Amino acid sequence: MDYNKMTATVKGTTEDGEDFTEVVRFTLLPPDKGTSYYGTGCYMRAVTPYHPHLVDVRYERTTDIEILADRWIKSFYGKNAKEVIKEFPAECRR
């Protein structure tokens, strides 16, 4: 997969038992061309409704945004995430 943007709708339950739905936007940030870097050189931006997160994915052994986003969601939301709906921008589906 060569996509670098993805949106995920995360549905789940808080520790207090309240249902939540959040939309998270992911963007893979490749390294600048012509620069030296470690691992893949990539970072990923994960923007939640509350604030952005810059995620170091240089050593994740992949640049597949879907895999990276899945790992981040599992780490950030844990067992509170019950359903994840992933979407790619229209320009990626052509």
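Where is Arg 61 found? Arg 61 sits in the loop between strand 4 and helix 1. The structure is a predicted model, in which local features need pLDDT of at least 70 and side-chain atom pairs count only at pLDDT 80 or more, while totals for chains, interfaces and linings use all residues. Residues are numbered from 1 along each chain as its sequence is written, and side-chain values use heavy atoms, with hydrogens and water left out. Helices (H or I, at least four residues) and strands (E, at least two) are DSSP runs, numbered from the N terminus.

- Arg 61 is not a glycine, yet it has a positive phi of about 65°.
- With 82% relative accessibility, Arg 61 counts as exposed; buried means under 20% relative accessible area, exposed over 50%, and partly exposed in between (1.4 Å probe, protein chains only).
- Glu 60 lies in the loop between strand 4 (52-56) and helix 1 (65-77).

**Salt bridges**

- The model has 4 salt bridges, each defined as a side-chain nitrogen of Lys or Arg within 4 Å of a carboxyl oxygen of Asp or Glu.
- One of them joins Arg 58 to Asp 56, with the closest N and O atoms 2.7 Å apart. Asp 56 is partly exposed, at 36% relative accessibility.
- Another joins Glu 60 to Arg 71, where the closest N and O atoms are 2.9 Å apart. This pair links distant parts of the chain, 11 residues apart, since Arg 71 is in helix 1.
- Both ends of that pair are partly exposed: Glu 60 has 33% relative accessibility, and Arg 71 has a relative accessible area of 39%.
- Glu 66 and Lys 86 also meet through their side chains in a salt bridge (3.1 Å, N to O). Because Glu 66 lies in helix 1 and Lys 86 in strand 5 (residues 81-87), the pair ties together parts that are 20 residues apart in sequence.
- Glu 66 is partly exposed at 22% relative accessible area, and Lys 86 is partly exposed at 29%. Salt bridges that share partners join Glu 66, Asp 70 and Lys 86 into one network.

**Nonpolar core**

- A nonpolar core is a set of buried Ala, Val, Leu, Ile, Met, Phe, Trp, Tyr and Cys residues joined through side-chain atoms within 4.5 Å.
- The largest such core holds 19 residues, of which Phe 26, Met 44 and Trp 72 touch the most other members. At least two residues of this core come from each of strand 1, strand 2, strand 3 (43-47) and helix 1.
- Helix 1 gives the largest share of this core, 6 residues.
- Trp 72 lies in helix 1 and is buried, with a relative accessible area of 10%.
- Trp 72 and His 53 are 19 residues apart along the chain, and their C-alpha atoms are separated by 10 Å.
- In soluble globular proteins, nonpolar side chains tend to be buried together.

**Negative patch on the surface**

- Glu 15, Asp 16, Glu 18 and Asp 19 gather in a surface patch of negative charge. Patches are made of residues with over 30% relative accessible area and no salt bridge; like charges are joined within 9 Å, and nonpolar side chains (Val, Leu, Ile, Met, Phe, Trp, Tyr) within 5 Å.
- Glu 15 is in the loop between strand 1 (5-13) and strand 2 (19-29). Glu 15 is exposed, at 69% relative accessible area.

Methods:
Areas by Shrake-Rupley, 256 points an atom, 1.4 Å probe, with all protein chains shown as cover. Lys, Arg positive; Asp, Glu negative; His and termini not counted. Charge placed at Lys NZ, Arg CZ, Asp CG, Glu CD.
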